[in-house]
Amino acid sequence: MLRRKSPFAAAPAAAKQGEGEEAPARRPGAPLSLAGLLVSIFLVAIFLYNEDSAVVKAPIAADAGAGDFPLAGASRARSAPDLHLLHEVNSRPQQQQQEGSDVEERRRHVEQVESGRKASDSDSNRVDAPARADKRAAPAMTATTTPPPSPSSGGNTTSSSSRAAVAAPEPPACNLYQGWWTYDAEASQVPLYREPECEFLTEQVTCMRNGRRDDSYQRWRWQPSSCDLPRFDARALLERLRNKRLMFVGDSLNRNQWESMVCLVSSAIPSRAQKTLAKFVGPNGSLNVFRAAEYNATVEFYWAPFLVSSNSDDPQAHSVADRVIAWRSIAKHARHWRAAHFLVFNTYIWWLNNFEMKVLKNPRAMPEKYTLVDRPVAYKEVLKTWAKWVDRHVDPGRTKVFFMGMSPNHGVPDAWGGGPGAIKCAMETQPILNHTGPLYIGTDWRLHGAAEAVLRSMRRVPVHLVDITALSEFRKDAHTSVHTLRQGKLLTPEQQADPRTYADCIHWCLPGLPDTWNHFLYAQIVAVTPPPAQPLLQSSSPPSS
């Protein structure tokens, strides 16, 4: 019978072996101690843990640079590399360089803008007109205005916080129609010409000559928020118009703007013999033509208040109360526009007499039968007719087309917080100031939305919307008011004393607001690459008187 030896009995023998006797060899196939196996596994696990920890911590060390990123180690620590982090680290030097360049460019832009208006801002006032609201959703513009002192005080009420907002970086694209009005007390930049110096102005718009005592309306300058309007250079514009025709087409507001443009370009032509003006010439007397002989250029106005045919097409006898339009008939007018190189269209004020328009749908077959159509519907249909003509007959490589936004009226003083004695726009000497919230002065923004929609639908010929409406709503001070004509005659002192009956809060004094509208046109005409100039053919020249 075998007896199991106690493990403790082997100890004395081991001691004796350690004193010089050779220990017996371990028998082959003897199993390893379980404790030794566990210890070995434990040590291997510790080693692997320490190695992995060292690999993961390296990329997030505080002093690790982009070049120290251990890409090989990261691939061992993770099943797949973090591509987003990899892209960020690899592009960091380029981003830092680009950001530095952008910051420097913005700093230079801010310094230029600030230095450019430093002289006028030091004694100027500012009326903010920030980005317009969506006119189709809400027919008004939400604006925060900074109230200036009276122009005579020359004070500056622009706070440092508002200046900081102005200096904030802006998007690279510039919207000329977002910005503010600033008062140029020194008249260093506006007006662009003087009323007595322009012999072509009609009595309808010469407010100072007609008795207005203040000229502050001439000194408000438009400042876009994200860029500057280019300095107006009449000679540069005339060079761009050399051998070309610039034609305004529309109603009396476009005639108002045409007079402004005539004065702007004629200021660069000192010789009276080199500039002529012929009125009521051409088809039915619908054309007014200013000619700059040295440049073989013309600046023209064609009377077509609805753009399409109407019973108001007579350029001199058009005071028709019962207005009727033929919304599909445009050829009678349009054949006189085709030879122009720059076309500036408008139609608005003649739509406001009635909520419904009388429309001849078939003027040839039934010239006496009309249909009543809601104003915005009829307006859009007329613009569709006009747009179809433009797309079919205008060569976009030769002719540039503009559509003017709506020129607002100012007949309701309650809309801007007028005092108890305020009557329409009479005696107004400052723009609308310190106004927060929507501005409801009676503009029909539905027509503005219709124009935007039609212009967006045009595919062949690009048409630029000169969006003057929102910024012009602030200028209650710039109308001719009682300093104008009525039925071809200057208002008498008795009529001037009755603004409720006689104040014209539709048209504008000149020099004045329409000069700013033409400054927008100048930026579009002069800033772009011009189409090749071709001498005017005899057949395409405007008729002489």
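The model is predicted, so local features need pLDDT of at least 70, side-chain atom pairs count only at pLDDT 80 or more, and totals for chains, interfaces and linings use all residues. Residues are numbered from 1 along each chain as its sequence is written, and side-chain values use heavy atoms, with hydrogens and water left out.

**Salt bridges**

Side chains of opposite charge can pair when their charged atoms come close. A salt bridge here is a side-chain nitrogen of Lys or Arg within 4 Å of a carboxyl oxygen of Asp or Glu. Searching the whole structure turns up 13 salt bridges. Among them are these:

| Pair | N to O distance |
|---|---|
| Arg328 and Glu381 | 2.5 Å |
| Arg375 and Asp444 | 2.7 Å |
| Glu381 and Lys384 | 3.4 Å |

Glu381 and Lys384 are three residues apart in helix H9, which means about one helical turn separates them. Together, Arg328, Glu381 and Lys384 form a linked network of salt bridges.

How accessible are these residues? Buried means under 20% relative accessible area, exposed over 50%, and partly exposed in between (1.4 Å probe, protein chains only). Glu381, at 16%, counts as buried, whereas Arg328 is partly exposed at 46% and Lys384 is partly exposed at 40%.

The other pair in the table, Arg375 and Asp444, has both residues buried.

Strands of a sheet pair through backbone hydrogen bonds, either parallel or antiparallel. Here, two strands count as paired if DSSP finds at least two bridges between them. An open sheet of four strands runs in the order S9-S10-S12-S13, with mixed pairing. Strand S9 (309-310) and strand S13 (371-374) stand at the edges with a single partner strand each, so one side of each has no neighbour in the sheet. Inside this order, S10 and strand S12 (residues 356-359) pair in the parallel sense over two bridges, and Val324 stands opposite Lys358 in S12.
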